[in-house]
Amino acid sequence: EVISTKSNINQISPYATLIMELTYLENIKYFTTKSELSIDEKIAISKNYLPEIYLDEKVKNFSSGMIRRAELSIIEIKEPTVLCIDEPLNFLDSEGINLFKNLIDKRTKNQKSNVLSTQELIDFQGINFEVIDLNENE
């Protein structure tokens, strides 16, 4: 059986993937149009990542860490089957890293796949995760 992959796979690169000229809320609406969640539910999720006061702020005014948090909130709303993230910890402070780990834990518990490409070893305590070290000599 072939499943439509366009809506089931999401990628976050080390470069911003949001539309800079739109507000955070406009980005949420744009990137989550296929989500069955109401706008209020989407906003509730987004508030876990950034304070509500940023919803009407243009993303171009965000720091790199804020952009990464906004991207993570959109991923939580969309719930893609497969998530690919290159350098997932880039731009995140310790609180942002915890938000990221919680998102990965939640996705893993919901049988979602996560593909992380990183040069940093990430401590996923208690999360069932397979690590493939491409630098490992055989």
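## Cavity

In this predicted model, the count comes to one cavity of 30 Å³ or more, where a cavity is a set of points on a 1 Å grid over the protein atoms alone at which a 1.4 Å probe fits but cannot get out. The largest cavity has a volume of about 60 Å³, a volume being the space filled by probe spheres set on the points.

Its lining, made up of residues with an atom within 4 Å of a point, consists of Ile-75, Glu-76, Glu-79, Leu-103, Lys-106, Arg-107, Asn-110 and Lys-112. Helix 3 and helix 4 (94-109) are the elements that give two or more residues to this lining, and helix 4 gives the most, with three residues; helices here are DSSP runs (H or I, at least four residues) numbered from the N terminus. By class, the lining has two nonpolar, one polar and five charged residues, with Asp, Glu, Lys and Arg counted as charged, Ala, Val, Leu, Ile, Met, Phe, Trp, Tyr, Cys and Pro as nonpolar, and the others as polar.

## Helix packing

The axes of helix 1 (residues 24-31) and helix 3 (residues 64-78) come within 10 Å and cross at roughly 35°, the axes being lines fitted to C-alpha atoms over the stretch in contact, with angles running from 0 to 180 degrees between N-to-C directions. The crossing of helix 1 past helix 3 is right-handed.

Tyr-24, Asn-27, Ile-28 and Phe-31 of helix 1 meet Ala-70, Ser-73, Ile-74, Ile-77 and Lys-78 of helix 3, contact meaning heavy atoms within 4.5 Å. By class, this contact has six nonpolar, two polar and one charged residues.

## Basis

Residues are numbered from 1 along each chain as its sequence is written, and side-chain values use heavy atoms, with hydrogens and water left out. Local features need pLDDT of at least 70 and side-chain atom pairs count only at pLDDT 80 or more, whereas totals for chains, interfaces and linings use all residues.

Technical notes:
Left-handed = near helix turned anticlockwise from the far one by under 90°. 1 Å grid on protein atoms, 1.4 Å probe; cavity = no way out; pocket = protein on both sides within 12 Å on 5 of 7 lines; lining within 4 Å.
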